[in-house]
Amino acid sequence: MNARDPITSTPRRAPRADGAEARHRLLHTALRLFAQKGFAKTSTREIAREAGVNISAISYYFSDKNGLYGACFTEPMGGDSDDLVAICSTPGLTLHEALRICFTSVIEPLKQGEIVRQCIQLHMREMLEPTSQWAKEIERDIKGPHRAIAELLCRHLKLDRADDDIHRLTFAITGLSMQLYVNQDFIEAVRPSLLRTPRSIDTWADRLTVYAMALVQAEAARREALADDDKSATAPAPASAPARAARKKP
C-alpha cells in the first residue's frame with residue numbers, strides 16, 4: 001500500500017524525475033562521457049543508460065546526438081558570449097570597468113568545480129579530434145568576444161582600427177583568464193588556496209583587471225615612444241652656425 005499524507009489522507013506518490021531533471025541528467029552524463037571518450041566513441045545508448053533515462057529522451061530534448069554534443073559546450077558553464085560583446089559596447093563604462101566585468105563573467109564558472117574540468121577536457125578533446133562543432137565554437141565564442149575587446153581597446157587608445165599589435169594585446173588580455181582554466185590542476189597542486197573558495201576566485205577578477213590595465217598602459221607607452229621617434233626623424237635638422245650667419249648678412 002502507498003503511504004498516506006497525515007493531513008489529506010491521499011496517497012503520497014514517490015518522487016519521479018520530471019522533464020527538467022531528466023534533461024539535466026542527460027546533459028551532465030553526456031558531458032562526462034564525451035569529455036572522457038570523445039564524440040565518435042560515445043554512443044547515445046550508453047549516455048541514456050548511464051543517465052537512467054529512455055534513449056528516446058535524447059531526441060526529445062536535444063533532437064539528436066549532435067544537438068546533445070553542442071549543448072555540452074554551451075550549457076553546463078552558463079554564460080553567453082553575446083553578453084561579453086554587449087559589455088564591451090556599453091556606453092559610459094571605463095576600460096577598467098569593462099574589463100573587470102568581463103573577467104568576472106569569464107571566470108565565474110570556476111566556482112562549479114568538477115563540471116569545469118569536464119568542460120575544459122571536452123574543449124581540449126575537440127581541439128585534438130575536431131568535429132563540426134569546432135567551427136561553431138570559433139565563430140560564436142572566440143571571434144565575437146575577441147573583436148569586441150579589440151574595438152574596446154581601439155576606443156581607449158584612440159585608434160581608428162585594430163592593427164596587429166592591438167590583436168596581440170587582445171590575445172594577451174583574454175589569455176589571462178583562459179590560463180586559469182588550462183592550468184587549473186597545476187594551480188591547485190602548487191597553491192590550492194588560489195581557487196579554493198568563491199571569494200578567492202573573485203579576487204582573481206580584481207587582479208586580472210590590474211594586470212590587463214598594465215598591458216594596455218605598456219602598449220600605449222610603446223606607441224607614444226614610436227610616435228615621438230617618428231616626429232624626431234621627420235623634423236628638419238638645425239642649421240649649422242655658418243649657414244645661420246650667412247642668412248643674417250644683408
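**View 1. Arg223, a buried residue of helix H11.** Arg223 has a relative accessible area of 19% and is buried (under 20% relative accessible area; exposed is over 50%, partly exposed in between; 1.4 Å probe, protein chains only). Arg223 lies in helix H11 (helices are DSSP runs of H or I with at least four residues, numbered from the N terminus). Its contacts, leaving aside neighbours within four places in sequence, are Leu159, Asp163, Asp165 and Ile166 (contact means heavy atoms within 4.5 Å). The model is predicted: local features need pLDDT of at least 70, side-chain atom pairs count only at pLDDT 80 or more, and totals for chains, interfaces and linings use all residues. Residues are numbered from 1 along each chain as its sequence is written, and side-chain values use heavy atoms, with hydrogens and water left out.

**View 2. The salt bridge between Arg223 and Asp163.** The two side chains meet at 2.7 Å, N to O (a salt bridge is a side-chain nitrogen of Lys or Arg within 4 Å of a carboxyl oxygen of Asp or Glu). This pair links distant parts of the chain, 60 residues apart. Arg223 sits in helix H11 (residues 198-234). Asp163 sits in the loop between helix H8 (132-157) and helix H9 (164-182). Asp163 is partly exposed, at 24% relative accessible area, whereas Arg223 is buried at 19%.

**View 3. A network of salt bridges around Arg223 and Asp163.** Salt bridges link Asp163, Asp165, Arg168, Glu219, Arg222 and Arg223 in a network. Two of these residues, Asp163 and Asp165, are also in contact with Arg223.

**View 4. The salt bridge between Arg117 and Glu188.** The closest N and O atoms of Arg117 and Glu188 are 2.1 Å apart. Here too, distant parts of the chain are linked: Arg117 belongs to helix H7 (residues 114-128) and Glu188 to helix H10 (residues 184-190). The two residues are 71 residues apart. Arg117 is partly exposed, with a relative accessible area of 25%. Glu188 is partly exposed as well, at 29%.

**View 5. The salt bridge between Glu108 and Lys111.** Glu108 pairs with Lys111, and their closest N and O atoms are 3.2 Å apart. Glu108 counts as partly exposed, with 36% relative accessibility. Lys111 is partly exposed too, its relative accessible area being 32%. The structure as a whole holds 19 salt bridges, and the pair of Glu108 and Lys111 is one of them.
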